Amino acid sequence: MRLSRAVNIADLRAAARRRLPRMVFDFVDGGAEDEITRDDNEAAFRRLKFRPRVLVDVSERPQEVTVLGRRLSLPVILGPTGLMRMVDHAGELAAARAAEKFGTVSVQSSGASVSLEDVARSVTTPQWFQLYPWGDRRTIEHLIGRARDAGYAAMVVTVDVPVVGAREKDLRNGLTVPPEVSPRTGWDVLRHPRWLASLLTHPKPTYANFVGLMPDARGTSGLAAHTMGMLNPGHTWRDLEWMVERFGGPVVLKGVMTAEDARRAVETGCRAVVVSNHGGRQADSVPAAIDVLPEIADEIGGEADVLLDGGIRRGSDVVKALALGATACLIGRPWVYGLGAGGTAGVERVLEILQTEIDRTLALIGRPGVGSLDRTAIQQDVVRALTT
């Protein structure tokens, strides 16, 4: 598929589905258990309706926002997703390069398949680093130090993974790291020769930031198992305080779904929170992220940046989130669909589509730029339902 023929994110998702083996596409696209939350993240945006104004001068519609004191040309940030070399050999490098081209930022996962140093060297503008609160403080301190030395401008601490959610599609598909050809997966892999050739001729997907840190882990699959075994369900706010102190720069807390936790994050020293349910990949049957955004924006808006992650599939979704109090939005699956459809160029196409859709939406609802958005842009009965 020519990327120019993709007119929306759904087209890129379909292209990625054709190009990738089922087990890899399901790894990207799937959610936890019955996928109720994954699906509701998108459905909740469809329930929101605009309240358009007419005869407004919308000849100029700037999209710039300021996040953590940094001016972004686009209110869309490429969120952290790990092991992206399973999707395309460019992996996480594609996110950083596309973000830089469009004047925004990417968040590099500590579970990435490209080392944080290699990502930092691939661009000239500082990116953000994402950290899981691993069980071993020495490992955490090591990763924080490397991120700081590599020039990462902010650290995003993801706190909604005390244990790994039940991603049942991955279990049924027998997904391994790296993907292996087996009686269960062999025919499906062979039906995708371009993907297989890329897998065989480029570095194997692995947890690149942990290579050499775990000498007892045997091979790539052993490293993957060892890494996931380091998740620590015993972490508390005191551990977060320590991480904030160790990094010494802006810290963002990702996985916040209540006003109480947002308030505690600010009190702990976080400069921003990400309203997120991990794309429905962790706890199932929790609310859609956009549904809890207003209560969190009401609680800490003006004190810290409030970012929204989960369910963004259209530029109009970004506009809705900003109208309800988000400073900017993170995307995960959309940029990975682009990566699967066409590598780095596919990720750039995702941002191009969203930028165009945001611009068109602003014009059609009578808003001269994202700075003019507030809750009056959304039908008020819906706003009242979310805020009462």
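**Close-up views of the predicted model**

Figure 1. A polar atom of the Gln 282 side chain lies 2.7 Å from the backbone oxygen of Val 163. The structure shown here, as in every view that follows, is a predicted model. The Gln 282 side chain also reaches the backbone nitrogen of Gly 165, at a distance of 3.0 Å. Gln 282 belongs to the loop that runs between strand E8 (272-275) and helix H13 (289-300). Its relative accessibility is 9%, and the residue therefore counts as buried, the cut-off being under 20%. When neighbours within four places in sequence are left aside, the contacts of Gln 282 include Asp 160, Val 161, Val 163, Val 164, Gly 165 and Arg 167. Ala 32 and Asn 277 are also among the residues that Gln 282 contacts.

**Figure 2. Asp 239 in helix H11.** Asp 239 is located in helix H11, which comprises residues 237-247. Its side chain and that of Arg 137 are joined by a polar contact of 3.2 Å. Once residues up to four places away in sequence are excluded, Asp 239 touches Arg 137 and Gly 234. With a relative accessible area of 14%, Asp 239 is classed as buried.

**Figure 3. Leu 339 in helix H15.** Helix H15 (residues 333-364) contains Leu 339. This residue has a relative accessible area of 0% and is therefore buried. Leaving aside neighbours within four places in sequence, Leu 339 is in contact with residues including Met 84, Val 87, Asp 88, Gly 91 and Ala 94. Arg 19 is another of its contacts, as are Gly 346 and Val 347.

**Figure 4. Asp 374 in the loop between H15 and H16.** Asp 374 is found in the loop that connects H15 with helix H16 (380-387). A relative accessibility of 34% places Asp 374 in the partly exposed class. The Asp 374 side chain makes polar contacts with two side chains: that of Thr 376 at 2.4 Å and that of Arg 367 at 3.4 Å. Apart from neighbours within four places in sequence, Asp 374 is in contact with Ala 323 and Arg 367. Ser 110 lies 264 residues from Asp 374 along the chain, and their C-alpha atoms are 35 Å apart.

**Figure 5. The whole chain as context for the close-up views.** The chain is made up of 388 residues, and its radius of gyration of 20 Å agrees with the value near 21 Å that a compact globule would have. Its C-alpha trace spans about 65 × 50 × 40 Å along the principal axes. The secondary structure consists of 16 helices and ten strands. Of the 388 residues, 59% are buried. Among contacts with a separation of 6 or more, 74% are between residues 24 or more positions apart. The accessible surface amounts to about 16,200 Å², and carbon and sulfur atoms account for 49% of this area. The chain carries 48 positive and 47 negative charges, whose mean positions are 5 Å apart.

How values were computed:
Residues are numbered from 1 along each chain as its sequence is written. This is a predicted model: local features need pLDDT of at least 70, side-chain atom pairs count only at pLDDT 80 or more; totals for chains, interfaces and linings use all residues. Side-chain values use heavy atoms; hydrogens and water are left out. Helices (H or I, at least four residues) and strands (E, at least two) are DSSP runs, numbered from the N terminus. The radius of gyration is taken over C-alpha atoms; the globule rule is 2.2 Å times the number of residues to the power 0.38. Buried means under 20% relative accessible area, exposed over 50%, partly exposed in between (1.4 Å probe, protein chains only). Contact means heavy atoms within 4.5 Å. Accessible areas come from the Shrake-Rupley method with a 1.4 Å probe; for residues, only the protein chains shown count as cover. Lys and Arg count as positive and Asp and Glu as negative; His and the chain ends are not counted. The place of a charge is taken as NZ of Lys, CZ of Arg, CG of Asp or CD of Glu. A polar contact is a pair of N or O atoms within 3.5 Å; within protein, one must be able to donate a hydrogen and the other to accept it, and residues adjacent in sequence count only if both atoms are side-chain atoms.
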